[in-house]
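Subject: Structure handover

Hello,

Here is the structure for you to look at. Please open it first, then read my notes below.

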Amino acid sequence: MAPGEGRVDRGQRASIKCQEPCVIWFTGLSGAGKSTLAEALERSLQAEGRHTYLLDGDRLRLGLNRDLGFSEHDRQENIRRAGEVAALMVDAGLVVLAAFISPFRADRDAVRQLLPGRFIEIFVDTPLNVCEARDPKGLYRRARAGQIKNFTGLDSPFEAPQAAELRFDTSACAVEEVVQQIHDYLRSHHAL
């Protein structure tokens with residue numbers, strides 16, 4: 001038998017799960033609401049019987065990416081690894097929700113290229129002043145005090161997506177409203 005011949009493929013895995021696997025990639029500043037939206041969307045998809053997995057930047061940095069810091073190179077490697085993991089999960093037939101600051105457009109575009117037709121970018125475009133006021137982990141306060149260098153949105157850039165499929169400002173809409181709009185998008189684009 002030739003290499004790869006007779007293997008179960010993504011289509012077969014997806015067929016068993018009765019869903020179209022994809023990556024829903026949430027990007028935005030710290031405190032923008034990426035994880036909150038991803039968690040709410042995952043609960044909603046699970047309630048519909050969807051097979052999902054949430055990849056969160058904080059969790060990956062505790063394990064798979066614990067050897068990485070926050071230099072530009074390390075941030076790029078963090079997203080590269082996250083993209084590779086997401087691609088494996090899509091191959092397994094899952095709907096993957098990925099919540100990463102992912103500040104560099106080229107890195108997000110590289111993940112999109114790994115997953116042609118299966119990458120949905122959601123820009124959580126919450127204003128910096130709102131993110132900083134929320135500051136759920138105290139990171140902005142520490143960055144402003146000089147304890148954290150190269151903090152995205154302050155002394156390190158965030159390159160906004162140019163062609164995100166969806167964009168939300170969480171200071172202007174409720175989580176439930178956003179989740180419904182994402183569901184509507186997924187249904188209208190045959191992603192579910």
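**Helix 4 and its neighbour**

Helix 4 passes helix 5 in a right-handed crossing. A crossing is right-handed if the near helix is turned clockwise from the far one by less than a right angle, and left-handed if anticlockwise. Helices here are DSSP runs (H or I, at least four residues), strands are runs of E (at least two), and both are numbered from the N terminus.

Before going on, note how the values were made. This is a predicted model, where local features need pLDDT of at least 70, side-chain atom pairs count only at pLDDT 80 or more, and totals for chains, interfaces and linings use all residues. Residues are numbered from 1 along each chain as its sequence is written, and side-chain values use heavy atoms, with hydrogens and water left out.

Back to helix 4. Its axis and that of helix 5 come within 9 Å and cross at roughly 20 degrees. Axes are lines fitted to C-alpha atoms, for helices over the stretch in contact, and angles run from 0 to 180 degrees between N-to-C directions. Helix 4 is therefore roughly parallel to helix 5. The cut-offs are under 35 degrees for roughly parallel, over 145 for roughly antiparallel, 65 to 115 for roughly perpendicular, and oblique for the rest.

Helix 4 covers residues 72-91, which is 20 residues. From first C-alpha to last it reaches 29 Å, close to the 28 Å expected at 1.5 Å a residue. The expected span is 1.5 Å times one less than the number of residues. Buried residues of helix 4 include D74, R75, I79 and V90. Buried means under 20% relative accessible area, exposed over 50%, and partly exposed in between (1.4 Å probe, protein chains only). G93 follows helix 4, and its phi is positive, near 95 degrees.

Helix 2 (residues 34-47) packs against helix 8 (residues 175-188). Their axes are 10 Å apart, at an angle of about 60 degrees. That makes the two helices oblique to each other. Their crossing is right-handed.

**Aromatic rings**

How many aromatic pairs does the structure hold? There are four. Rings of Phe, Tyr and Trp (its six-membered ring) pair if their centres lie within 6.5 Å; planes under 30 degrees apart are stacked, over 60 edge-to-face, and the rest tilted.

One of the pairs is W25 with F100, which is stacked, at 5.1 Å centre to centre and 20 degrees between the planes. W25 lies in strand 1 (residues 22-27) and F100 in the loop between strand 3 (95-99) and helix 5 (105-114), so the pair ties together parts 75 residues apart in sequence. W25 is buried at 0% relative accessibility. F100 is buried too, at 2%.

W25 also pairs with F119. Their ring centres are 5.9 Å apart and their planes at 35 degrees, so this pair is tilted. F119 sits in strand 4 (residues 119-124), 94 residues from W25. F119 is buried, at 4%. Together, W25, F100 and F119 form one aromatic cluster.

**Strand 2 and the cysteines**

L55 is in strand 2 (residues 52-56). L55 is buried, at 3% relative accessible area.

The structure holds zero disulfides. A disulfide is a pair of cysteine sulfur atoms within 2.5 Å. For C173, the nearest cysteine sulfur is that of C131, 13 Å away. C173 is buried, at 16%. C22 is also buried, at 3%.

Best wishes
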